[in-house]
Amino acid sequence: TRTAATVATGAVAGGGDLAQRLGFTDPSRIMDRLEDPQTVAVFAAATGMSPWDQTCRIPDAESDALTALYNSAGGANWRNNPDWLDTTLSNGCGWFGVSCTAVDGVVHVTAIQLGNNNLVGKLSSLDALVGLQVFDVSANPGLGGTLPDLRQLSALVEFHGDQDDFTGPIPALAGHANLTL
């Protein structure tokens, strides 16, 4: 499991929306910021947990999907991969570039932001990431193959895969009226 402060650290490293809303720019100052009642309220609303909560777990299927992404896209050689696959700390929530939010009491991966991070290989299935809203793997020229099916990702509103080496057709996007590519 991962402490809430470390989840916030992941939000800073990944440059996610949570980090912006909390005003985090320096990971070494996170605990100082978590003393501020307004910051605590924003953190709790965004993550569904208090900054002193000791757990932030996503469903195992989502953790497995993140692990598959790491393995299929050369995670060991990414520019930034802190804590990826370290299940003693977390099962995905808070890993570099991964943002999570609680929805109806369940924490889900809502953003994966790994642009310009030396991803090499291909994308694995993203189907299990049911709460995924933002997926950015742009500017990874060693990342290619065909794009995975996106139909199961009904929450997806942003997909960034530009400056990569994808081939083949764009998958069916029926039901994704708000999706931008």
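## The parallel sheet

In this predicted model, two bridges join strand β5, which covers residues 143-145, to β7, and these two strands run parallel; strands here, like helices, are DSSP runs numbered from the N terminus, a helix being H or I over at least four residues and a strand being E over at least two. In β7, phenylalanine 166 is the bridge partner of glycine 145. The pair belongs to an open sheet of three strands in the order β3-β5-β7, with parallel pairing, where two strands count as paired if DSSP finds at least two bridges between them. Because β3 (121-122) and β7 (165-166) stand at the edges with a single partner strand each, one side of each is left without a neighbour in the sheet.

The model is predicted, so that local features need pLDDT of at least 70 and side-chain atom pairs count only at pLDDT 80 or more, whereas totals for chains, interfaces and linings use all residues. Residues are numbered from 1 along each chain as its sequence is written, and side-chain values use heavy atoms, with hydrogens and water left out.

## Overall composition

The protein chain has five helices and seven strands, and, read along the sequence, these follow the pattern α-α-α-α-α-β-β-β-β-β-β-β. Of its 181 residues, 44% are buried, where buried means under 20% relative accessible area, exposed over 50%, and partly exposed in between, with a 1.4 Å probe and protein chains only. Among contacts between residues at least 6 apart in sequence, 47% join residues at least 24 apart, a contact being defined by heavy atoms within 4.5 Å.

## The mixed sheet and its helix

Four strands form an open sheet in the order β1-β2-β4-β6, with mixed pairing. Its edge strands are β1 and β6 (158-160), each of which pairs on one side only, and neighbouring strands are turned by 25 degrees against each other on average, direction ignored. Strands β1 and β2 run antiparallel and are joined by six bridges, with serine 99 standing opposite alanine 111 in β2. The two strands form a hairpin with two residues between them, and aspartate 104 in the turn has a positive phi of about 50 degrees.

On the other pairing examined here, three bridges join β2 to strand β4 (residues 134-136), and these strands run parallel; glutamine 113 stands opposite aspartate 136 in β4. Helix α5 packs on the sheet, touching β1, β2 and β4, and its direction makes about 20 degrees with that of β2; the axes are lines fitted to C-alpha atoms, for helices over the stretch in contact, and angles run from 0 to 180 degrees between N-to-C directions.

## The nonpolar core

The largest nonpolar core holds 31 residues, of which Trp84, Val109, Ile112 and Phe135 touch the most other members; such a core is a set of buried Ala, Val, Leu, Ile, Met, Phe, Trp, Tyr and Cys residues joined through side-chain atoms within 4.5 Å. Helix α5 (60-72) and strands β1 (98-103) and β2 (106-113) each supply at least two residues of this core, and α5 gives the most, with four residues. Leaving aside neighbours within four places in sequence, the contacts of valine 109 include Ile58, Glu62, Leu66, Val98 and Leu129.

## Polar and charged sites

Threonine 110 has its place in strand β2 and counts as buried at 9% relative accessibility. Its side chain is joined to that of threonine 101 by a polar contact of 3.4 Å, the term denoting a pair of N or O atoms within 3.5 Å, of which, within protein, one must be able to donate a hydrogen and the other to accept it, while residues adjacent in sequence count only if both atoms are side-chain atoms.

A search of the whole structure finds one salt bridge, a side-chain nitrogen of Lys or Arg within 4 Å of a carboxyl oxygen of Asp or Glu. Arginine 151 forms it with aspartate 149, the closest N and O atoms being 2.7 Å apart, and aspartate 149 is partly exposed, with a relative accessible area of 28%.

## Loop residues

Asparagine 91 lies in the loop between α5 and β1 and is buried, with a relative accessible area of 3%. Its C-alpha atom is separated by 9.2 Å from that of threonine 67, the two residues being 24 apart along the chain. Aspartate 83 also has its place in the loop between α5 and β1; its phi is near 70 degrees, a positive value in a residue other than glycine.
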